[in-house]
Amino acid sequence: MVDFPPRRKPSRKGSMADVPKDLLEQIKELERLFTVGQAKLKEVTEHFVKELGKGLSVDGGSIPMNPTWVMGYPDGYETGTFLALDMGGTNLRVCEIILPEEKGEFEIIQSKYRMPEELKTGDSEELWEYIADCLQQFIEYHHEVEDLEDMNDKEHKLPLGFTFSFPATQEFIDHGVLQRWTKGFDIAGVEGKDVAPLFEAALVKRKLPIKLSALINDTTGTLIASHYTDETMQIGCIFGTGCNAAYMENCGSVPKIAHYNLPPETPIAINCEYGAFDNEHVILPRTPFDVIIDEDSPRPGQQAFEKMIAGLYLGELFRLVLVDLHDNKNVKIFEGQDLGKLRKAYSLDASFLSFIEEDPFENLSETAELFAKELGIQANKPELELCRRLAELIGTRAARLSACGVAAICKKKNIQSCHVGADGSVFNKYPHFKARGAQALREILDWPKGKRDPIDIRAAEDGSGVGAALIAALTIKRVKAGNLAGIRHAEGML
């Protein structure tokens, strides 16, 4: 039997030789619009540092900088059985996490439940009822419990960490006032309310043996879970449908919680919610297409940074540019083609761009098939070259701008060396996102060439599952130690 060497991936260098002059000129203009150079990256980062500080002040700023009441990292020796509930945009995930005696280890069982679209804009009570239903199914299936009331005495109640990944103000770790819905949710009567009692009422109605120990954001969970398995992790990030970061601050550096009189060196995790950076449109290099995305969004003037780098908007940016080029009488692109599908807002997502960037063939045959199948457009080679370059420009800009938030936290905290735990579909799946972000960090922080990057962004641990369980464990540990800062219902936790 002959042993063949592994087959080489088809190489693709790309050629603009056969691209007509009008399209070449458009490509150059797109490069001018979407390229973010080193000087601009540094300028954005410096402004970002100031805005992070402003968010921690009594008066606040456009970046919320929410204190989470997670007071320190796990030491790796937390033990017990915990539930974690992860309420995302698409799925509801329920996990049971066992923290054994071995340092930094965990076991997990989990189930996913589809989040019905109609619930996202429906009635508040229906949402919490559905979530309680899913928890009940999970417990009955995995615990083979015939009567949930048998588990309902104090000793059997399972502590739960609830990953509620929407901007929320927290005066206590076991409560959270929803600031605003995101991710396509828009349920009336919940914004401005504490979601914990709404959730707990649905648990009580079903007599579920569960006690809410912590309400957390997925980014805070990412920070804690990643540090649990790698103590050099000092920042948790999400680059997915949205974008965000969390890090550990000293209480003395957070003027807006000074009235709690906590020891200044006490650590507290801050959920930045920095998708709102530059809502004032002072510094970010917005293109006319970014302006359209903002103005046509459900919440114009909000989440300015997120709208330039998050997965939800990358496909829409791409679509807007192509429609604009087609409608420009001086440019000949997709002539005589039906653009009906392409004209539908948000018909393309980040995976469309990802597929184009991953096309390995010189003639971009896979991209041609994609356009034909998804959009009913028969694109010629020069048009495909323009699409390929546009996808690269949009993907590269997102990765480079995303590095500004990480660099800003490092500069603010004077972090010279650390690991950054990152999660989210764009970070994990979008081609070259990690490498492009790393290159931008080098440019912002002026690292010498040829040496290992002192700040390394790498894949995070499961923040919304393991992170939520760990934070529930840390909260119970604090109650036992009598450290009750930021805990509302301490008596119900033990």
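In this predicted model, the side chains of Lys 381 and Glu 385 meet in a salt bridge, with 3.2 Å from N to O, where a salt bridge is defined as a side-chain nitrogen of Lys or Arg within 4 Å of a carboxyl oxygen of Asp or Glu. Because Lys 381 and Glu 385 are four residues apart in helix H11 (residues 381-413), about one helical turn separates them; helices (H or I, at least four residues) and strands (E, at least two) are DSSP runs, numbered from the N terminus. Lys 381 is partly exposed, with a relative accessible area of 23%, whereas Glu 385, at 2%, counts as buried. Here buried means under 20% relative accessible area, exposed means over 50%, and partly exposed lies in between (1.4 Å probe, protein chains only).

Helix H11 also holds Arg 388 and Glu 392, again four residues apart, or about one turn of the helix. These two form a salt bridge in which the closest N and O atoms are 3.2 Å apart, and Arg 388 is buried, with a relative accessible area of 10%.

A further pair belongs to helix H1 (residues 21-34), where Lys 21 and Glu 25, being four residues apart, are separated by about one helical turn. Their side chains meet in a salt bridge of 3.9 Å, N to O. Lys 21 is exposed, at 63% relative accessible area, while Glu 25 is partly exposed, at 46%.

Salt bridges can also be joined into a network, and one such network links Glu 125, Glu 129, Asp 133, Lys 205 and Arg 206. In total, the structure holds 34 salt bridges.

Which residues form a negative surface patch? The patch is formed by Glu 101, Glu 102, Glu 105 and Glu 107. Patches are made of residues with over 30% relative accessible area and no salt bridge, with like charges joined within 9 Å and nonpolar side chains (Val, Leu, Ile, Met, Phe, Trp, Tyr) within 5 Å. Asp and Glu count as negative, and the place of a Glu charge is taken as its CD atom. Glu 107 is found in strand S4 (residues 107-114), and its relative accessibility of 46% makes it partly exposed.

Residues are numbered from 1 along each chain as its sequence is written, and side-chain values use heavy atoms, with hydrogens and water left out. As the model is predicted, local features need pLDDT of at least 70 and side-chain atom pairs count only at pLDDT 80 or more, while totals for chains, interfaces and linings use all residues.

Methods: Accessible areas come from the Shrake-Rupley method with a 1.4 Å probe; for residues, only the protein chains shown count as cover.
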